[in-house]
Amino acid sequence: MAASESGEVAAPYGGATAAATAPGGAPKRVRTRHFLQAKRDGHPIVGLTSYDFLSAQIFDRAGIDFLLVGDSAGNTVFGYDSTLPVTVDELIPLTRAVARAAKRALVVADLPFGSYETNPREAVHTAIRFMKETGAHAVKLEGGERSAEQIRHIVEAGIPVMAHIGFTPQSEHGLGGHVIQGRGEAGAEQLLRDARAVEAAGAFAVVLEMVPSAAAKAVTEALSIPTISVGAGPDCDGQLLVWTDWAGFTTGRIPRFVKQYAQIGQALEAAAIAFREDVESGAYPAPEHEYE
């Protein structure tokens with residue numbers, strides 16, 4: 001994004017700055033059409049996951065373009081070993097909280113495993129629940145050619161769909177684990193077929209996860225809809241990260257493609273230790289924390 005003479009970063013939509021405001025001071029909502037405009041104009045699209053009101057408020061104020069209430073909540077919120085156990089009823093209140101906080105960002109709700117695969121009718125029913133009960137602006141589901149029919153029916157019902165191809169976490173057992181997709185000639189060709197299938201079905205954007213940069217670039221150049229990278233290199237139209245990885249909240253193995261911009265986990269742990277020590281020593285509460 002280009003910088004103005006004042007040093008502010010020009011946004012491709014939503015106003016003059018990254019924390020865009022419309023006349024009257026009210027933030028202008030990012031829409032799906034702005035994703036297409038951003039691709040045409042060459043403006044990177046920026047996304048983060050979010051699962052609660054407070055983080056969503058912060059990311060929205062920071063000018064993040066879209067917030068994904070991902071089924072990654074299975075790991076980050078509920079403590080599951082994978083995303084597979086997450087249910088619709090677990091994700092709906094999280095999505096509702098994020099949607100209440102976001103004044104500018106587009107809010108995308110993940111459809112969890114088992115809520116759309118059986119048939120298009122089930123997929124539409126799940127998507128409608130999220131739209132009616134949460135205030136989300138779009139839904140996301142995994143799968144390319146295999147999910148094209150579901151995407152088409154959801155879009156025909158008037159609900160925007162963000163697709164997700166490459167490594168699809170809900171299919172990790174079928175894929176043999178966390179394995180990079182789109183490698184080799186056959187893999188790159190399948191990735192492109194999946195991308196074209198979701199575009200033809202009406203998806204407004206497609207996430208490419210854990211694929212070689214060259215394959216992602218080829219897909220990006222072939223599509224008219226934007227591509228969003230999750231470990232798919234710099235040549236996609238946008239970037240998305242799980243916020244707890246990005247902010248240093250999680251511990252253990254961090255994916256190679258994640259850049260950590262903070263160490264919130266360490267800061268919280270240090271603060272908790274300091275609080276415990278103050279209470280144990282009698283330093284807290286001090287007189288200034290008392291009521292007369």
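Q: What counts as buried, and what as exposed?
A: A residue is buried when its relative accessible area is under 20%, exposed when that area is over 50%, and partly exposed in between, with a 1.4 Å probe and protein chains only. This is a predicted model, in which local features need pLDDT of at least 70 and side-chain atom pairs count only at pLDDT 80 or more, while totals for chains, interfaces and linings use all residues. Residues are numbered from 1 along each chain as its sequence is written, and side-chain values use heavy atoms, with hydrogens and water left out.

Q: OK, and Met210, is it buried or exposed?
A: Met210 counts as buried because its relative accessibility is 14%. Its phi is near 50°, which is a positive value in a residue other than glycine. Met210 sits in the loop between strand 6 (205-209) and helix 9 (213-222), where helices (H or I, at least four residues) and strands (E, at least two) are DSSP runs numbered from the N terminus.

Q: How many helices and strands does the protein chain have?
A: There are eleven helices and eight strands in the protein chain, and 46% of its 292 residues are buried.

Q: In what order do the strands close into a barrel?
A: Two strands are taken as paired if DSSP finds at least two bridges between them, and angles run from 0 to 180 degrees between N-to-C directions, with axes being lines fitted to C-alpha atoms, for helices over the stretch in contact. The eight strands close in the order 1-2-3-4-5-6-7-8, with parallel pairing. From one strand to the next the twist averages 25°.

Q: What does strand 1 pair with, strand 8 or strand 2?
A: Both: four bridges join strand 1 to strand 8 in parallel, and three bridges join strand 1 to strand 2, also in parallel. Leu48 has Leu241 as its bridge partner in strand 8, whereas Thr49 has Leu68 as its partner in strand 2. Strand 1 (residues 45-49) is mostly covered, with four of its five residues buried.

Q: And how many bridges are there between strand 7 and strand 8?
A: Strand 7 (residues 227-230) and strand 8 (residues 238-241) pair in the parallel sense over two bridges, and Ile228 stands opposite Gly238 in strand 8.

Q: Which strands does helix 4 touch?
A: Helix 4 (residues 88-101) packs on the sheet and touches strand 2 (66-69) and strand 3 (106-110), with a direction about 175° from that of strand 3. Helix 5 (residues 120-134) also packs on the sheet, touching strand 3 and strand 4 (138-142), and its direction makes about 145° with that of strand 4. Contact here means heavy atoms within 4.5 Å.

Q: Switching to helix packing, at what angle do helix 2 and helix 4 cross?
A: The axes of helix 2 (residues 53-61) and helix 4 come within 8 Å and cross at roughly 35°. Their crossing is right-handed, and the contact is made by Phe53, Ala56, Gln57 and Asp60 of helix 2 and Ala97, Val98, Arg100 and Ala101 of helix 4. Those residues divide into five nonpolar, one polar and two charged. As for the terms, a crossing is right-handed if the near helix is turned clockwise from the far one by less than a right angle, and left-handed if anticlockwise; Ala, Val, Leu, Ile, Met, Phe, Trp, Tyr, Cys and Pro count as nonpolar, Asp, Glu, Lys and Arg as charged, and the others, Gly among them, as polar.

Q: Which residues of the largest nonpolar core touch the most other members?
A: A nonpolar core is a set of buried Ala, Val, Leu, Ile, Met, Phe, Trp, Tyr and Cys residues joined through side-chain atoms within 4.5 Å. Of the 56 residues in the largest one, Leu67, Phe130, Val139, Ile151, Ile154, Val206 and Leu208 touch the most other members. Helix 4 gives the largest share of this core, seven residues. Another core of 16 residues lies apart from it, including Phe35, Ile45, Phe204 and Leu240.

Q: What about Pro112, where does it lie?
A: Pro112 is in the loop between strand 3 and helix 5, and it counts as buried because its relative accessible area is 1%. Not counting residues up to four places away in sequence, Pro112 touches Val86, Thr87, Val88, Leu91, Phe130 and Gln170.

Q: Last one, which peptide bond is cis?
A: The bond from Tyr284 to Pro285 is cis, with omega near 0°, and Pro285 lies in the segment after helix 11 (264-281).
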